[in-house]
Amino acid sequence: MAGRPRPIALTTVGVRLLTGVAYAISVLLALAILSPVAVSVWGAMTTSQAMGTASEVGPGWQATTSRGIFAERTQTQAGFFTSLWYRYVLRVYGKTILFTLQLAVVSVVLTTVIGVAASYALVRYRFRGQALVEEIVLLPMSIPGIAVAIALIQAHTTLRPTWYIILVGHLLYTMPFMIRAVTNTLRSFDFIALEQAAASLGATWWQRMRWVILPNLKHAILVGSLLVFAISLGEFNASFLLNTPINQSYPAALYDTYNLDSFQVSSAATTIFMVLLFPALIALQYVGGRELEEAGQGA
Amino acid sequence: MRTRASGALLVLPLVVFLSVFLLYPLCYLAANSLVPGGGVLEGRTKQVGGWSAGQWLQTVTVENYVKLFGDGYYLSSLLHSVVLSLAVAVGSVSLCIAPAWVLVRTQFPGKRLFRAVLTIPMAFSGVIVGFMIVIMLGRWGVIPAVLHWLTGEAYLSMTAYTLSGLVIAYVYFEIPRATLTLEAAIRKFDFDLDAAARSLGATLWQRLWYVLVPLLLPAIISTVALAFAVSMGSFGVALIIAKKFNLLPVDIFLEITGYANFEFASALCVVMLAVTLTTNLYLRRLGERHYVFKQR
């Protein structure tokens with residue numbers, strides 16, 4: 001029998017039973033997460049179109065069997081693998097998709113610049129109001145996005161017509177992830193000793209930053225950036241009210257398709273969103289590790 | 001090495017950003033909730049946010065709050081939101097302890113993939129979750145369709161639009177956050193304590209109840225606090241499926257988009273913030289009190 005010795009406590013029948021139950025629940029949860037994803041990927045490929053909007057009717061198969069008038073139309077059109085709905089979404093919401101990507105990338109850049117500098121100062125130095133700053137950065141995590149959006153609209157009326165106000169909303173809700181990822185890493189090793197060693201060899205402040213601190217933070221910044229990108233892409237609560245007719249983020253466009261378009265168009269729009277999102281999520285699992293676990297808590 | 005206190009100035013951009021775009025707007029929100037409500041129904045004439053300190057002092061009133069607490073409609077919205085959030089908090093903790101346990105305590109092929117699947121909903125907006133519950137449990141959803149095919153009766157049709165549908169949707173949304181928090185807590189748990197309890201003759205239930213649960217309690221409480229805060233404010237799901245009853249975030253949204261009554265919406269926001277923050281603070285205190293000893 002090779003491998004790690006099993007902990008003694010894990011051998012009773014009761015524990016095995018509980019572990020079995022835990023497995024069952026886990027499998028159910030994974031299925032519950034995956035099945036609607038699969039249904040929307042599938043729905044975007046069907047050529048028939050449901051009668052009514054997605055948020056009210058959903059897929060509409062039953063309409064084909066029980067409602068006579070729809071049955072003929074949907075059955076004559078039934079088929080598979082059309083790109084019609086994707087082309088429709090890209091034509092109507094193409095600009096929105098680009099705008100959302102722009103928001104996500106700018107959020108990553110700004111949270112990195114502001115967040116890494118602030119995290120370094122927060123861990124390295126002692127100053128007045130330090131604990132307060134840390135509390136306030138994390139505040140958006142526990143306050144509703146709609147309240148922040150309404151506060152921003154009223155307090156900064158001059159920014160209202162521009163896209164900067166949407167950016168601000170995204171930054172408020174993504175900054176905590178970057179700060180957590182970087183401060184957790186900084187607290188996990190004695191970087192002051194490394195800095196002192198570099199300084200004793202005559203390194204200037206800039207050289208210490210460039211060659212000692214930043215290389216050690218590379219991984220944390222990568223994990224933080226991926227989290228910021230993913231969260232920014234899906235942000236809805238704060239940005240929905242901050243959107244303007246010209247500058248609209250993609251989740252708001254999704255809301256429009258659910259309320260105005262059929263299940264097929266909505267599925268295509270949702271699938272496009274997942275195509276944008278999944279690479280970031282998969283990359284997170286592979287580079288992840290401890291930073292993800294700690295920064296993702298309370299996400 | 002010279003320690004430069006001026007290095008602490010690196011935190012300045014963040015402080016400026018937070019004061020201008022978080023603290024100042026929130027203070028403005030609180031101040032504006034004390035201004036008489038406008039809105040299109042009463043013929044809005046003034047610009048949004050158009051008052052100086054002097055004007056504010058002259059017009060300050062609590063009429064928005066009187067309207068809010070005097071009207072059964074808004075109180076029922078608040079009650080619905082609180083009940084929903086509590087149900088979601090309890091539901092997500094009791095469900096997600098299972099995958100957290102499996103991820104820490106067992107080894108199986110494809111574990112990384114399983115973990116990736118569980119984190120999928122993390123970056124979904126509420127609207128997507130709303131859409132997904134409609135396609136699974138809505139009028140012609142997948143589950144009713146399958147049940148119709150099996151039994152000839154479309155059971156569970158329209159579940160998406162009920163309170164239980166909302167709870168399911170919000171729990172779906174909470175799975176990644178709750179699992180990650182609980183997983184970290186279980187990983188820190190010292191299983192020698194469990195072995196010690198067993199060698200002293202403790203039964204399974206005694207070990208769970210007197211050893212495991214007390215040590216995991218801080219993490220459980222913080223998961224509950226987080227789930228509560230997220231569910232109080234998340235209105236994406238509710239916008240899509242809450243057609244049968246009123247919820248606080250949806251009311252706020254309608255107050256803005258329907259009536260442009262920013263002052264009354266601000267008052268509703270202040271009440272929502274107060275409920276969320278006090279609950280969070282209380283639960284955090286509770287969590288700190290239950291630290292039996294600091295775990296490494």
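## Burial and fold of chain A

Buried residues make up 46% of the 299 residues in chain A, where buried means that 20 or more other C-beta atoms, placed from the backbone, lie within 10 Å of the residue's own. This is a predicted model, in which local features need a pLDDT of at least 70 and side-chain atom pairs count only at pLDDT 80 or more, while totals for chains, interfaces and linings use all residues. Residues are numbered from 1 along each chain as its sequence is written, and chains are lettered from A in the order in which they are written.

Chain A has 14 helices and zero strands; these are DSSP runs, of H or I with at least four residues for helices and of E with at least two for strands, numbered from the N terminus. Among contacts in chain A between residues at least 6 apart in sequence, 79% join residues at least 24 apart, a contact being two residues whose C-beta atoms, placed from the backbone, lie within 7 Å.

## An enclosed helix

Which residues of H7(A) are buried? For helix H7 (residues 145–155) of chain A, 11 of the 11 residues are buried, so H7(A) is largely enclosed by the rest of the structure. Among them are A:Gly145, A:Ile150, A:Gln154 and A:Ala155.

## Two helices side by side

Now have a look at helix H10 (residues 205–234) and helix H13 (residues 263–287) of chain A: their axes come within 10 Å and cross at roughly 155°. The axes are lines fitted to C-alpha atoms over the stretch in contact, with angles from 0 to 180 degrees between N-to-C directions. That makes H10(A) roughly antiparallel to H13(A), the word for angles over 145 degrees.

H10(A) contributes residues including A:His219, A:Leu226 and A:Phe229 to the contact, and H13(A) contributes residues including A:Leu277, A:Ala280 and A:Leu284. By class, this contact has 14 nonpolar, two polar and no charged residues. Here Ala, Val, Leu, Ile, Met, Phe, Trp, Tyr, Cys and Pro count as nonpolar, Asp, Glu, Lys and Arg as charged, and the others, Gly among them, as polar.

## Where chain B meets chain A

In the interface, 91 residues of chain B are in contact with 86 residues of chain A. Helix H1 (residues 12–32) of chain B supplies the largest share of the chain B side, 13 residues. That side has 67 nonpolar, 17 polar and seven charged residues.

## Confidence

Chain B averages a pLDDT of 85, and 91% of the residues score at least 70; pLDDT is the predictor's confidence in each residue, from 0 to 100. The predictor gives the complex an ipTM of 0.87 and a pTM of 0.87.

Definitions and conventions. Angles under 35 degrees count as roughly parallel, over 145 as roughly antiparallel, 65 to 115 as roughly perpendicular and the rest as oblique. A residue is buried if 20 or more other C-beta atoms lie within 10 Å of its own, exposed if 12 or fewer, and partly exposed in between; C-beta atoms are placed from the backbone.
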